[in-house]
Amino acid sequence: MFDWLKPNDVLWLIPVAPLLACLWIVLVGQIVRRQQAHRPVILAFAVSFAAAVYLLTSVVPGGFGTAGEHGEHARASSAIMTTIYQWIHVGGLDVAVTLRADAMSALMLVMVTSVSLLVAIFASGYMKGDPGYPRFFASIALFVFSMCMLVLAGNFLLMFVFWEAVGLCSYLLIGFWFQKPSAAAAAKKAFVVNRIGDFGFLLGVFLIWTTFGTLDFEQLFGSPTLIQAAFLQDPTVLTTICLLLFVGAIGKSAQFPLHVWLPDAMEGPTPVSALIHAATMVTAGVYLVARCTPFFVYAPTAQMFVAGIGAATALIAAITALTQYDLKRVLAYSTVSQLGYMFMSLGAAGAGLDLATHAVTFAMFHMFTHAFFKAVLFLSAGSVMHSMGDVIDMRRFSGLRKVLPITHITFLAGALALAGFPLLSGFWSKDEILAVLFTASQTGEHADFYRIILGVALLTSLMTAFYTFRAYFMTFWGEERFPAEAGDHPHDAPPAMAGPLFILAAAALGVGLIAGPTHLYGHYLEQTPGLPEAHAHAPNVLMMGISTVLALVGIAAAYGLYVRSPGIAQALKRGSGPLHHLSHEGLQLDWLYLRLIVTPLRLIAQLAERFDRCIIDVIVDCVGFVPGLFGAVLRPIHNGFVQNYAVVMLLGLVLGLVSVLRAFAGQM
Amino acid sequence: MNWSPENMQLLLPLCLGWLAVWSLLPREKPRGRILAGLTGVAAMLVLQATSLPPAGEIVRDAMFYVFAAVAVLCAGLMITDRNPLYAALWFALTTLAVCGLFLINSAPFLAAATIIVYAGAIVVTFLFVIMLAQQAGSADYDRQSCQPGIASLLSFVLLGILLFSLQEWGGINANTTDAARPGQFVSLPQGVQANILSQPPVSNPREIGSLRVLGRALFTDYLYSVELAGTVLLVATIGAIAIAPRRPQGHL
Amino acid sequence: MNATALESQLIIGAILFALGVIGFLTRRNLILIMLSAELMLHGVSVNLTAFGKYHGNPQGQVFTIFVLTIAACEAGLALSLILTLYQRRKSLDVFLWGNLSEDDLPILSGDSPRSAMQPMTDPNANFPHLTPAGRAPLSPPRKT
């Protein structure tokens, strides 16, 4: 197409455009045209999106899409790299700021930039009138810059830097309304819990460095010899590396046990939840594990661990989402659950090497579709909140479908996609995951383990359908009730908000259809260097059928309980009192963490403070007291009386004479 | 330093003298003035016995002893008397005794000049000021002394050092006047640079005190210093007049 | 003059000097302090004339003449200063002039009571008063 424009030239444009927008707002936009702060950001995101699309077309040169045999044409692409700056060159450590794009990164970037663009347009309507308007857009731009750099990072250290950076931006955005104590606390919690994961990630990076001597992706993943040599030398080191890297993913992608920050992160504005906690930041963990597939294929234990954690997370989150009353919290737990799905798929590669590429591919496909339908769900919830005067408790409003038609339609689209309604995007991606798990449970090693995982996945998809439509019916069906904050007549989304909603809803409905059964996505992703060869893959009709049945059963159950006879729901709630409470509180994990970890740490901190105050400060005060003591002894000598001074002079004279005499005595 | 018995002999008069002076210094409750006085006299006697042997000529020695005793006694009385007026008068007596010592040292002009200037002018000025600045009755500050213990102790230590060093190394041989002996830490001056007006060195020792010799020395060898001294006197006079309080300011 | 006689004279000079030092350090009357200084000068003069006689030249006497001159100047200036000081406080006590110290400290000068610091009458009744910056005056203003 544009032969004169090399991909290398635009590679840096993708992260730099949002960075420039952020700097512009920080330096100028706080003062000049405060309410227009969205313009540079939306412009920058549009530029990034265009560049990402261009990258998509040029990273894999044309001709990959020939349908038919997989794996028979040689891998047509290798990664595009640009080195911007030679960063560290110390001893044996050589780290440069290198941007590296291959098929996986290109897909990820398209997802990130498109969702960011739509969310930014939505936010320009949602956040209108907020006093921190420019700060919001600066933070969003900074976040998109960090995320793009994370995806484009060419070595582990650079990735870690931007891993932390997205955590920082998440902190800034969750705590956007920092005057609210709950928001500040939620931001702090997110950051600290993320940090725990980052610690594991960093240890993994260190271990990679000591094992391989390099951190560069091209050197590590370009050819399999390096990793193979390390595996032959010491099989367990690769498992350790993978487990440590996965700990980082647990923190960032809110898996059990570090998932507790994501529900609280709903304190942030809704566009933030849509962008960061549905589509982009939480998918960084999935991206990391997918990127490190060449490591993981040598560590089936780690992959089983990944799948197990994913399954546990999906189940716990789904159970918790069954009883939440806050619409955004339902969606947050749903995000955690769907992330668990992605990790379940990634972990399914442990059943055998031939399954690896499919597992990774479908995990990333689910991530791709999830981004769109979760974003549209969050943005619709934001629109609801906007109309209801910032009330999001579902018990306080109902029957909104006549009053908010646009929001209703888009929310329904997203909900159907999430539940896995046939032919929508969620159906295709979730079905492929179930197919992979089914294959893993039939063939290969550890079949029993994967059978359990499959069961959990099916159960979770049933619960997903149920709680999603519970939320939908509670919000949009039933008699019309508005809370007092909504005013006389709630208004629907303005055009700035409605446009992205429609676009995202269309994506939620259609993307799966376009990219799934035609294997466009799969073929494209298989071009990533480092992934093992993929075999033919036929769609699994059995799983399709089962998942369709489960989705319909869930929707019907929700309809029955929440529309037809609400009394049964109340009775169920009363009847299962302690279970209901357990589910509502997220299986009491927050309470547990508070007792087990936070309180002892606080005690230690108090002890340390007391030690510092009572012992160290006292020592310092004593040291400071000593000159005062000297002064108190020496000060009275200077009392202003001449005769005192004369006595001292006489004393000096006497001493001088004595010393002279002694000197002379020595001489003679 | 090795202490010889002679050095030890110095300690006795020093201690006695210290005790005497210390007791005599004015306090609120005076302690045994008579005893202290006797102690002082005893100290002087012991000192004479140990360190001040007669030199040979009887007349000279007698005069020396008399004048020295009077000087020391009056000095002691001056510093310990509670009435400032009496103290000034004791000082006048001390000046007279010192003039006597000048006479013994062949300085008759100096003796006369001292009596005239010191005892006649300076002491009288002091007396005038005392009387002008006197308050009714005995003042508080005259009846008490400040830091008597440490002052007297340190002074007597200084005196002890001086006496000790005189005893050890002050032995000056009457034979040589110019060359320093080993053991002498006093190196004798070579003499002032002679100018054309300089007089030749005095041949007859008895001529030392003559006015002629003194005058010639003053106005030839020390001319510069004499002129300067005159200038200093002038400046001091002007200064004293400038500093002294004027009548309108105070009641003086 | 032989060495023994010289030594005796030097001893007398030293004794006079030491007594003068005691007087200077001990007395509280300003005038008597000056007189003790004069006594010290007497001791020095004895020393000088003794050496002059011993060495057989008039240098000792010449120097003593200068000492005399300077003593006269010093006495004149000192007395006018003392008179000025007397006019300020109407007292010849040297303890009144100890302003170089800090107010909260006790004085180390033996057995002299602090109460002597307070002037018996207000010496500055004729002059305007300024409070030291930031502090209340030690003595309340008295009315005469």
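Predicted model: local features only at pLDDT ≥ 70, side-chain atom pairs only at ≥ 80, totals over all residues.
User: What share of the residues in chain C is buried?
Analyst: A residue counts as buried when 20 or more other C-beta atoms lie within 10 Å of its own. Chain C has 144 residues, and the buried share of them is 51%.

User: Over which residues of chain C does pLDDT stay under 50?
Analyst: The average pLDDT of chain C is 80, and 74% of the residues score at least 70. One stretch stays under 50, although the model has 26 contacts beyond four places in sequence for it. That stretch is residues 108–120.

User: Are helices α3(A) and α5(A) roughly parallel or roughly antiparallel to each other?
Analyst: The axes of α3 (residues 38–59) and α5 (residues 133–152) of chain A come within 9 Å and cross at roughly 20°. Angles under 35 degrees count as roughly parallel. The two helices, α3(A) and α5(A), are therefore roughly parallel.

User: How do the residues of the contact of α3(A) with α5(A) divide by class?
Analyst: From α3(A) the contact draws on residues including A:V41, A:A44 and A:F45, and from α5(A) on residues including A:F137, A:I140 and A:V144. The division is 8 nonpolar, 2 polar and no charged.

User: How many residues does the contact take from chain A and from chain C?
Analyst: The predictor gives the complex an ipTM of 0.86 and a pTM of 0.68. In the contact between these chains, the numbers are 13 residues from chain A and 15 residues from chain C.

Definitions and conventions: Residues numbered from 1 in each chain as written. Chains lettered and ligands numbered in written order. Buried ≥ 20, exposed ≤ 12 C-beta atoms within 10 Å, placed from the backbone. Contact = placed C-beta atoms within 7 Å. pLDDT = per-residue confidence, 0-100. Axes fitted to C-alpha atoms, helices over the stretch in contact; angles between N-to-C directions. Helix = DSSP H or I, 4+ residues; strand = E, 2+ residues; numbered from the N terminus. Parallel < 35°, antiparallel > 145°, perpendicular 65-115°, else oblique. Nonpolar A, V, L, I, M, F, W, Y, C, P; charged D, E, K, R; others polar.
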